[in-house]
Amino acid sequence: MRGWLSLVLALALPALAAPLPQAYDRLEEALAQVGLANPTQALAALDRAQSLLRQEAEGLPPVIRDAILNNLEGLRQAVVQKSRADLEARLLLVRHLLGKALYDGFFQAGSQDKPTYLSRLARATALPPSLVQEVRGLGAEEARRRLEAFFLQAMAEDLNKTLGAASRPEAYLALARAYARFLVVQDSPQSTLKAQDFIQALAKVSAGEPFRPEVGGLLNQVVAWRKALLAVGPRTQTPSPPAAQTAPPATPTPPAPSAPTPPSSPPQPSPAPPTDTAQASSPGVETFYTPPWMDRATAEAVRRQAYTLGYNYNFELLEALNQIQGEVGLAIAALGRGNPTEGRYHLDRALWQFRANLEPVFAVIHPALTDQISRTLVHLSGATGIRTLDALVVYEALEELRGSFSQGPSPNPWLFLKLLLAQTAGVPRAVFFLLAAALSLFPLYLIRLTFGGRNVYWNLLGLAFLFLFLPILAEGLSYFGSIMADYGNLPLLGFLANLSIGQGLIPYLAWGLTVFLVVAFAGAGLRGIAAQFGLLKERGDEVAATAERPATTLTSETIVEWDEEF
C-alpha cells in the first residue's frame, strides 16, 4: 500500500507543479482588471484570483501561495478605501511573488518547458525582450547570473528613485518595487541583504521618520552585490569542467554537466526565504509599522485598531490625519471670510472624519489629547460666534497628535488650556463680550463729562480713554453680528465677526494701532496737564512767576476753572 501511495505521489506532484505557467496566465488576466476605476469589477476579479490560487495553482510553494493570498486581501481593502499607493504596492508584491515561483521553476524545468516559464517570468517582472532573447540560449548558471544582474540593476534604480522621491507615497512605492525585485533573487549565494532590511526601511517611510540613511545603506549593499556577482560570474563560466567538479561538494557523485544544477538548488529551498516574504506581505504584521517608543501591548492594540479601520500602512493613517487638518484649514479660511456657517460645516466634517478614521487608533496612543480634540470639535461644530483662533487651536492639537504617534505622548498643559478655552466659544463667550461692551459705554460717558471741557490736554486724555475702550466695543459688536446672523436670520451681519481680534491679521493690526493711539494721546495729554501744574521743568519758571504775584483776598479772583489754562 505504501508503495502504491509513493508511486501516486511521485506522479501527482510533478503533474500539479506543471500547470504553474497556465495558472499564471489566468491570474494575470484577473489582476489586469484590478483597479480603482471600477471597484465592483476589481472585487470580482480579486475573488476570481483567490479561487484560482486555492484550486488551480498547486504548483506554487505553500508559503508563496499564502503570501499572495494575504496580499490579495490587502488589495481588496485598497480597492474599498480607494488607496492608490496601497493598490500599486500590493500588485507589485503579488506579481513578483509569482515571479519568484516562475524564476525557481525556470531553473528546475526541463529544456522543453523553459521557454514557457521564461515568457511568464518576463511578463510578471517586466524583463526586457533583449534580455529574454539572451537568456534563452545560455546555460543555467550564466542565465541565472544575467537575470540576477538585471534585477540588481533595477533594484539600484528603484532605490535611487526612493532617495529622490518628492513625497512619502512616491518613496514608498519605489522602495516597495525594489523590495519586490529582491524577493525574486533573495536566494542568491552572493546576497548580503535580508528581507528584514527592506522591512525596516519601509517602516521608516510609512512612519514618517527619516529613511534616506537606511535606503542609502541598501543601495550600497545592492551595488556591492552586483559587483561581486559580475566579478565571480565569468570565472565560474569559463572553466566549466573544473567548476562543475569543485562546486558540488554536497553531491560528489554526479558528473560535470548535471552538477551545476544542484549547486543552485541548495539555496533553493524556497520555503525559508519566502517565510520572510510572507511576513513582509502579511497585512497583520509587517505592513503597519509602529514606532520604537511603543511597547508590545500598545503596538498590538494600535495595529489591531488600524487594521480594523482598514489602514495597512502608517502613511495611510497619517494621510487621513492630513485630510482632517485640511478640513480644519478650510474652516479657518471660511471663518476668516466672516462665513461661520461654512466654517461650522467643515468643522462638522472634520469631527465626523476624526471619530470614524482616527479616534480609535489615537485613543490608544494619546487618550487625553484625543478626547479633548473630540470634545472641542463637537463644541465648535455647533457653537455660535466661533473665531479663527478657535479652529487654529484644533489644527495645532492635530499636529501635536501626529507628533505623539512618531515620538510618543508628551505633556503640553498650554495646549490643553487652549483647548479648554476654545470650548468656551458660543453663547457664554458672546454674552461676556456683549456685556463688557455695554458696560464700557458708562465709563465713556463719564470720561466725556470729566474731560470734555475747553482744556485741550484733558481732551487728548479723553481720546486716549476712548481708543482704550474701542477694541472692547468692536469685540462686542462682532459678537452681536454673530448672534444676529445665527439666531436673527440676518446672515449679512455675520461679516461683523471680522471686527474681532480673534479673526486674523487685520483686526490684530487694528488693535495694535489703537494701542499706539492710546499711548500717543495719553502721553500728549498727561504731559500738557503736568506742565500746567508746574510738574515739568520747562514750565516751572512760569508757574513760579505767577506765584510771585501779590495774593488777593477776593474770593471771586481766586476761583479758577480747573480744566482751563492757567
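Predicted model: local features only at pLDDT ≥ 70, side-chain atom pairs only at ≥ 80, totals over all residues.
**View 1. Helices H21 and H22 cross each other.**
Helix H21 spans residues 427-451, and helix H22 spans residues 456-487. Their axes come within 8 Å. The crossing angle is roughly 150°. Angles over 145 degrees count as roughly antiparallel, so H21 is roughly antiparallel to H22. The crossing of the two helices is left-handed. What classes of residue make up the contact of H21 with H22? There are 22 nonpolar residues, along with 4 polar and 2 charged ones.

**View 2. Stretches annotated as "transmembrane region".**
The label comes from an unreviewed UniProt entry. That entry places it on residues 430-448, 460-485 and 505-529. In the model, residues 430-448 are 100% helix and 0% strand. The end C-alpha atoms of residues 430-448 lie 27 Å apart. Residues 460-485 are also 100% helix, with 0% strand. For residues 460-485, the end C-alpha atoms are 37 Å apart.

Is Glu342 buried, partly exposed or exposed? Its relative accessible area is 28%. Buried means under 20%, and exposed means over 50%, so Glu342 is partly exposed. Which residues does Glu342 touch, leaving aside neighbours within four places in sequence? Glu342 is in contact with Ala334 and Arg337. Leu330 is 12 residues from Glu342 in sequence. In space, the C-alpha atoms of Glu342 and Leu330 are 8.7 Å apart.

Definitions and conventions:
Residues numbered from 1 in each chain as written. Heavy atoms only, no water. Axes fitted to C-alpha atoms, helices over the stretch in contact; angles between N-to-C directions. Helix = DSSP H or I, 4+ residues; strand = E, 2+ residues; numbered from the N terminus. Parallel < 35°, antiparallel > 145°, perpendicular 65-115°, else oblique. Left-handed = near helix turned anticlockwise from the far one by under 90°. Nonpolar A, V, L, I, M, F, W, Y, C, P; charged D, E, K, R; others polar. UniProt positions renumbered as here; feature names shortened; annotations may be inferred. Buried < 20%, exposed > 50% of the residue type's maximum accessible area, 1.4 Å probe, protein only. Contact = heavy atoms within 4.5 Å.
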